[in-house]
Structure formats: structure tokens, C-alpha cells
Amino acid sequence: METPDGTGATDVASVTQELHTYLSGHLGRELGQDEDYFALGLVNSLFAIELVNFVEQRYGVEVTVDDLDLDHFRTLGRLRDFVLVKTAGRGAAA
């Protein structure tokens with residue numbers, strides 16, 4: 001899947017903004033990069049599955065069983081870093 005810049009490279013700012021928009025829209029509030037939305041009680045198990053599906057579909061990656069560590073998904077910053085690692089083989093991150 002191509003990324004917003006059309007090159008396949010994943011841009012840090014674009015990923016951050018996309019994830020922020022997705023999370024804020026679904027959780028009903030603005031989130032800081034290090035706010036743990038799981039600990040805040042904003043996420044249930046159904047949304048956790050939807051979040052994994054969003055990441056797979058949007059960034060064209062496969063989230064494996066080994067990737068399903070809550071630490072990859074609990075904050076915007078960690079989720080962004082996870083996406084960047086999973087897409088790193090497609091080009092340099094900006």
C-alpha cells in the first residue's frame with residue numbers, strides 16, 4: 001500500500017496525524033502522545049481489535065501474534081513507532 005507521499009516511505013508526521021485523527025475520533029477526545037488510553041479506560045476489547053485492523057488496512061502490514069503486545073498499542077507515540085517499524089522496509093522514514 002502506498003503512503004500519503006506516494007513513495008511507499010512512511011512519514012513520521014503523517015503517521016502521527018493519521019493515528020491521532022483516528023484515535024481522537026473513535027475515543028471522543030484529544031490525546032497526547034503518551035496518554036495511555038487503555039489505562040484511562042477509553043478502550044474496550046472490541047476497539048482494540050478495530051485498532052489492529054485499522055493499522056493493518058491503512059498501512060498494509062500484517063500484525064502477527066507476536067506483535068500483539070499491549071505496549072505497541074497503548075499510546076499514540078508507541079503505536080506510531082510500531083507502524084514505522086512495520087513499514088520500515090518500504091523506504092526511509094522522514
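Start with threonine 16: its side chain reaches the backbone oxygen of valine 12 at 2.8 Å. Threonine 16 sits in helix H1, which covers residues 12–27. With a relative accessibility of 15%, threonine 16 counts as buried, because the cut-off for that label is under 20%. Look past its neighbours within four places in sequence, and threonine 16 is in contact with Gln33, Leu76 and Arg80.

Keep in mind that this is a predicted model. The chain averages a pLDDT of 88, and 84% of the residues score at least 70. Over residues 1–9, though, the pLDDT is below 50.

Now for the charges. Side chains of opposite charge can pair when their charged atoms come close. The count here comes to 7 salt bridges. One of them joins glutamate 18 and arginine 58, at 2.8 Å from N to O. That pair links distant parts of the chain, with glutamate 18 in helix H1 and arginine 58 in helix H2 (residues 45–59), 40 residues apart. Arginine 58 is partly exposed, at 21% relative accessible area.

Lysine 86 and aspartate 67 also meet in a salt bridge, at 2.7 Å from N to O. Lysine 86 lies in helix H3 (residues 76–87) and aspartate 67 in the loop between H2 and H3, so the pair ties together parts 19 residues apart in sequence. Aspartate 67 counts as buried at 12% relative accessibility, while lysine 86 is partly exposed at 28%.

Finally, arginine 78 forms a salt bridge with aspartate 71, their closest N and O atoms being 3.2 Å apart. Both belong to a network of salt bridges that links Asp36, Asp71, Arg74 and Arg78.

Technical notes: Residues numbered from 1 in each chain as written. Predicted model: local features only at pLDDT ≥ 70, side-chain atom pairs only at ≥ 80, totals over all residues. Heavy atoms only, no water. pLDDT = per-residue confidence, 0-100. Contact = heavy atoms within 4.5 Å. Helix = DSSP H or I, 4+ residues; strand = E, 2+ residues; numbered from the N terminus. Buried < 20%, exposed > 50% of the residue type's maximum accessible area, 1.4 Å probe, protein only. Polar contact = N/O pair within 3.5 Å; in protein donor to acceptor, adjacent residues only side chain to side chain. Salt bridge = Lys/Arg side-chain N within 4 Å of Asp/Glu carboxyl O.
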